[in-house]
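Reader: Could you walk me through this one? I'd like to start with the packing and then go over confidence.

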Amino acid sequence: MINLKIIAQILGTLLFLEAIMLAACLGLGCFYGESDYAAFAVPTLLALVLGIILKWKGHGAENRMGRRDGFLIVSMAWIVFSVIGMLPFLIGGHLTRPAAAFFETMSGFTTTGSTVFNNVDALPHSILFWRSLTHWIGGMGIVFFTIAVLPQMGAGDLKLFSAEATGLKIGKLHPRITTTARWLWSLYLLLTTAGCLALYLGGMSVFDAVNHGLSTAATGGFSTHQDSIGWFHSPTIEYIEMVFMFLSSINFTLLYLFFIKHRWRDVFSDGELRCFLSLCLFVILYTATVIYLTEDFSPEQALRYAAFHTISLQSTSGFTSCDFMAWHPSTWMLLLFVTGVGACAGSTSGGIKCIRILTAYKVMANEFRHILHPRAVLPIRISRTVLAPGVGTTIFAFFTACFILLFSSAAIMMCMGIPMLDAVSLSIAAFSNAGPSIGHAVGPLDSWIVLPDAALWLNSFLMLAGRLEIFSLLLPFIPGFWRDN
């Protein structure tokens with residue numbers, strides 16, 4: 001039976017977190033002398049009132065949480081956060097279409113980084129910081145953050161974590177999930193702080209450095225400028241961004257083992273990390289060679305542009321330093337491929353994740369061996385770990401769901417009059433939480449505001465489905481989910 005009281009209690013707690021975030025942006029607006037207080041004051045008050053009501057409704061809740069409760073809390077939290085989070089855009093008059101405001105907020109919380117703004121540079125500081133803050137909280141997970149900083153929720157911690165991190169490969173840093181969450185969030189905070197400091201020393205202003213540091217650690221992509229990283233015209237900043245986008249793409253458990261435990265051998269023997277590095281290096285070298293031969297770039301420029309955009313798209317950060325749609329079309333397909341694949345599980349990146357690609361390859365190779373040796377026992381190993389028998393079925397189910405979702409979404413957008421390349425790329429960019437689209441109507445530096453409302457709602461759904469890895473979001477739509485057996 002679904003425990004409605006515990007759901008209301010935890011959602012109320014989460015709304016207090018959003019109220020604090022909104023209040024911080026209100027304070028920043030006051031610091032910069034921005035007069036539109038209502039844009040953040042009203043949503044802050046609304047989040048507080050709703051939080052109090054939900055906490056009151058959940059008073060005396062039985063300290064018990066089932067898996068279904070966890071899935072409901074996670075799905076509802078992301079939607080409610082986005083609904084309240086879109087109000088500053090509407091109340092402040094920065095956007096007039098609810099579909100566009102919801103899209104922008106969902107893009108922030110899911111760390112997609114796609115934007116509907118045509119002139120980001122003209123936005124007030126409070127709005128720019130709100131966009132970056134949604135990235136940072138959403139990067140590691142809204143509910144995961146709550147588990148880390150608030151008192152434990154009893155047996156519900158693990159249920160909530162499992163519901164929000166369905167695709168994460170988190171090692172057991174500590175027997176208690178609360179302690180694990182705190183370790184990972186501490187590492188996340190350290191990575192963010194180091195990124196902000198490095199960008200400031202690299203030539204950014206304090207405000208730009210903080211905003212880009214938050215976005216980079218979350219592999220988000222929101223910038224304080226319409227031209228993204230290209231606005232700075234600084235190779236130094238591009239190299240700094242590459243380093244921190246790459247670090248944020250690695251499983252945080254491996255970062256913990258590397259920086260805290262100094263178990264370097266375990267890190268470099270990780271199969272998924274090797275898969276990620278191999279894909280990344282191949283695409284960088286191919287792209288650099290092609291654009292050096294076809295564009296007017298020096299060897300250093302070709303390698304830097306190729307590396308920056310490959311790491312940016314494969315990490316699903318989505319920062320850009322130039323318009324790569326001007327490059328040879330063969331580079332588009334590879335960049336679109338790494339956008340869909342993404343980086344490592346257990347990181348803040350989106351996409352299918354390299355662990356699934358590697359597992360699918362191992363299963364396929366193992367099937368060929370079974371055909372040749374039908375009686376042989378051939379276990380599948382990744383990083384010296386034997387995979388459970390049901391892993392292949394799970395991978396197949398996920399890929400099937402991905403294909404159906406992406407194909408259907410692209411077909412629907414084509415029916416709206418969107419060109420095929422754009423429709424396919426928009427679907428992949430939204431589902432992978434990557435940001436830049438590879439298309440002619442909506443390119444890497446273009447605003448998504450040109451899309452009709454129906455397309456914006458559809459892509460908002462894709463962003464959330466990608467962030468929660470499909471099943472967590474779709475489970476409540478299954479009739480059996482609501483049965484009491």
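Author: A definition comes before anything else: contact means heavy atoms within 4.5 Å. This is a predicted model, in which local features need pLDDT of at least 70 and side-chain atom pairs count only at pLDDT 80 or more, while totals for chains, interfaces and linings use all residues. Residues are numbered from 1 along each chain as its sequence is written, and side-chain values use heavy atoms, with hydrogens and water left out.

Reader: OK, what is Trp130 in contact with?
Author: Setting aside neighbours within four places in sequence, Trp130 contacts Glu18, Met21, Leu22, Cys25, Phe40, Gly85, Pro88, Phe89 and Phe109.

Reader: And which residues touch the most other members of the largest nonpolar core?
Author: A nonpolar core is a set of buried (under 20% relative accessible area, 1.4 Å probe, protein chains only) Ala, Val, Leu, Ile, Met, Phe, Trp, Tyr and Cys residues joined through side-chain atoms within 4.5 Å. In the largest, which has 121 residues, they are Met21, Trp130, Tyr188, Phe252, Trp448, Leu451 and Leu456.

Reader: Switching to Ser437, is that buried or exposed?
Author: Ser437 counts as buried because its relative accessibility is 0%. Beyond four places in sequence, Ser437 touches residues including Asp422, Ser425 and Trp448.

Reader: Last topic, what is the mean pLDDT?
Author: The mean pLDDT (the predictor's confidence in each residue, from 0 to 100) is 89, and 92% of the residues reach 70 or more. Over residues 150–156, however, pLDDT stays under 50, and the model has 11 contacts beyond four places in sequence for them.

Note on methods:
Buried < 20%, exposed > 50% of the residue type's maximum accessible area, 1.4 Å probe, protein only.
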